[in-house]
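Trainee: I would like to learn how to read a model like this one. Please take me through it feature by feature.

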Amino acid sequence: MSKSKKKPAPRGERREKISAEIARRIGTPACVIFVIVAVIIGVLITMQVYTSKQTELTLESEAAGNDLNAFFQPYLRSVEQLSVDPEVISSIDESDGKKTTITKAEHFSSVLENMQAMQASDPDNVMAVWICDIEDNVLTQSDGFTSDSSFDCKTRDWYAAVSNKAAMLTKPYVDASTGQTIVSAAAPIVDPATGDVRGVAGLDLSLAHVGEILSQSVIGSTGYVIMTAADGTIIYHPDDSLIQQNMADLDISSKVVDAIAAGEKTFFYYKINGSGKYGYLMPVGDTGYLVISSMTSGEYMRNLFLIIAGMIVIFAIGVVFIFLAIRKVASSLTKPIEELNAAAQELAAGNLNVELEVTSKNEIGELGRSIQQTVERLKMYIAYIDEVSAVLAQMSDGKLAIHLKQDYAGDFRKIKDALIEISGSMTEVLSGITESSGQVSGGADDLASAAQTLAEGATTQAAAVEELVATAESIVIQLQNNKEEAMQSAAETKKVTQLAENSKQQMGDMLTAMQTISDTSNQVVSIIHTIEEIADQTNLLSLNASIEAARAGEAGKGFAVVASEIGSLANESAQAASSTKEMIEISMNEIEKGVKLANDVTESLQEVVAGIEQVNHMIDRTAELAVEQEDNMKQMQSGIDSISHAVQDTSATAEESSATSEELAAQATVLTDMIRKFDLSDTETES
């Protein structure tokens, strides 16, 4: 066992025992698996309970349905036999409703005895046996009652056997004479010769025995069986107040009503008056009746709840047992580890006086023995460590000559070799540094002198570059002015070009107008020529009129005066037209001269426009060149600025280099003084 006390965990650190960690890491997955298995088993058990309960309800419904079917089938067969009885068919054939009624038929007495015998064979259930002539609306019972012609058989439920042509059971109804709930079993009476339905044979059956049969169907402690007709009318229910009511009129889930309407086997969950129930619907053979087994949801789920509660308790106990078992096993496994941990803490604190007594024969025991051997070896290494510490302290004081007395074994041999190599290497390096520092000091002086010269030259270059920058700026300004003047000249030239173009257009318009005037003048000359011809014709007519007036004598004097005036007017018109024609010819000659001059002016304007466009192109080119020169000068100015900055940077760098060289020389001197502190005599070693 360790002779030192167990130290607590460092402050601020939360210590977790290995046993707790083992319990957590193993117990948690085990419990998770345990819980998963429990859930799976619970689901399987739940499914089994659901299936068993559903099977129970199904079997009860089938058993009740089979019992009821067995109860009703003999009565259905009895009415079927009665409907095919030849004496019954003959009695209905003989009846005509007037002279011969069914009671006066030849074989009626035998038929009545047969019906009475059927009733007497089962008086507890059979209330009456009867036959009905549907053509005469006459019904005769086994008790001797025979209705008159006012009896309407078509309003009876059993009349459906006529259209169905098959035996059937009616829905339950209350017998007016006895007050009992009964049903009627009916079968059609068919004429074998024609196949027509002539009547109906039936019996009235008490449902008291049906209640006895269904009351024996007990499902669990609260379950029961319900019997309904195809339309949902309740035939049997443990609650007598619900008999003769329709399911659709109750406070019940619609799925029950839908299932009854479908008439098929089905299992469902429903609610009635707010209470949840499970049920199974089963048709009763071919009777048209249905039975529904019913059980409350509480009882349906009771066994499941008990099983789940039991499983929870069992699994909770199992989880606790697993944790306790794992905790116990983990504690037994971790006890030696705790001893080893205490010993390791002592070693970490620098205490090598540790003894371990771990008797385990597993890996933990091997670890304990290995730690004990390590402690023994560490004690051997203490002497090595002390000597190495002393040598390192000596080297830190600048004495590189070291003496190692211990015989270093194992990996400590490498430390001894390394210390000897370090001593020799440092002696060699420091000697080289001493020699190099002298060279660095001399080089630094030369570098400082060269840097100073470079700084002075850079300063002179910077001044020259500044003058060049100023000249470049002046050129750029002049180029900007030239560019602006060239652009203004180009703009003015464009205006002149536009004016010349406008004048050219106006000259074209004037030529068009003069041509129009020339064409109009030609038309006027033509018109004047026509006027001259009219004047000649008028003059000729005037002469003819004068001749005719002279021939007329005294009577034609007035007409002769008029003819003379017309002739005078014709002569004046001819003279005026001639004068106008001459003036128009003169105008046309002048217009031709004007057109020629206008054409000459137009050609001159075209040459002027072409010349102006050429000048404008040259001015535009000059402006473009001015812009390019400005851009080039700006680039040159930018380059000169860069050169100026570079020269200034060079000057500053040269000054900094000079200062750095002086500082380097000073540091080399300091380094030399520091190296002199080391003892660089030959290293002595001992193995």
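**Reading the model**

Mentor: Start at the surface: Val32, Val35, Ile36, Val39, Ile40, Val43, Leu44 and Met47 form a nonpolar patch with about 710 Å² of accessible area together. Patches are made of residues with over 30% relative accessible area and no salt bridge; like charges are joined within 9 Å, nonpolar side chains (Val, Leu, Ile, Met, Phe, Trp, Tyr) within 5 Å. Accessible areas come from the Shrake-Rupley method with a 1.4 Å probe, and for residues only the protein chains shown count as cover.
This is a predicted model, in which local features need pLDDT of at least 70 and side-chain atom pairs count only at pLDDT 80 or more, while totals for chains, interfaces and linings use all residues. Residues are numbered from 1 along each chain as its sequence is written, and side-chain values use heavy atoms, leaving out hydrogens and water.

Trainee: Where does Val35 lie, and how is its accessibility classed?

Mentor: Val35 lies in helix α1, residues 18-83. Helices (H or I, at least four residues) and strands (E, at least two) are DSSP runs, numbered from the N terminus. Buried means under 20% relative accessible area, exposed over 50%, and partly exposed in between (1.4 Å probe, protein chains only). Val35 counts as partly exposed because its relative accessibility is 45%.

Trainee: What are the totals for the protein chain?

Mentor: The protein chain has ten helices and eleven strands. Of its 687 residues, 35% are buried. The chain exposes about 40200 Å², with carbon and sulfur atoms supplying 56% of that area. Now take contacts, meaning heavy atoms within 4.5 Å. Among those between residues at least 6 apart in sequence, 62% join residues at least 24 apart.

Trainee: How many salt bridges does a search of the whole structure find?

Mentor: The search finds four. A salt bridge is a side-chain nitrogen of Lys or Arg within 4 Å of a carboxyl oxygen of Asp or Glu. Asp93, Glu135, Asp191 and Arg198 are linked in a network of such bridges.

Trainee: How far apart are the closest N and O atoms of Asp93 and Arg198?

Mentor: They are 2.7 Å apart. This pair links distant parts of the chain: Asp93 is in helix α2 (residues 86-94), Arg198 in strand β6 (residues 197-206), 105 residues apart. Asp93 is partly exposed, with a relative accessible area of 35%. Arg198 is buried, at 14%.

Trainee: Which distance goes with Arg198 and Glu135?

Mentor: Their closest N and O atoms are 3.2 Å apart. Again distant parts of the chain are linked: Glu135 sits in the loop between β1 (126-133) and β2 (138-141), 63 residues from Arg198. Glu135 is exposed, with a relative accessible area of 51%. Asp191 also bridges to Arg198, at 3.9 Å between the closest N and O atoms. Asp191 is buried, with a relative accessible area of 13%.

Trainee: How do I read a sheet?

Mentor: Strands of a sheet pair through backbone hydrogen bonds, either parallel or antiparallel. Here, two strands pair if DSSP finds at least two bridges between them. Five strands form an open sheet in the order β8-β7-β11-β10-β9, with antiparallel pairing. The edge strands, β8 (234-236) and β9 (266-272), each pair on one side only. Neighbouring strands of this sheet are turned by 35° against each other on average, direction ignored.

Trainee: How many bridges join β9 to β10?

Mentor: Seven bridges join them, and Thr266 stands opposite Leu281 in β10. Their hairpin has two residues between the strands, and Asn273 takes a positive phi near 55° there. Next, β10 (residues 275-284) and β11 (residues 289-296) pair in the antiparallel sense over eight bridges. Gly279 stands opposite Ser294 in β11.

Trainee: Which helix lies across β9, β10 and β11?

Mentor: Helix α6 (residues 254-262) does, and it also lies across β7 (224-228). Helix α6 runs at about 140° to β9. Axes are lines fitted to C-alpha atoms, for helices over the stretch in contact, and angles run from 0 to 180 degrees between N-to-C directions.

Trainee: Is Thr170 buried or exposed?

Mentor: Thr170 counts as buried because its relative accessibility is 2%. Thr170 lies in the loop between β3 (168-169) and β4 (173-174). Not counting residues up to four places away in sequence, Thr170 touches Asp157, Trp158, Val183, Ser184 and Tyr289.
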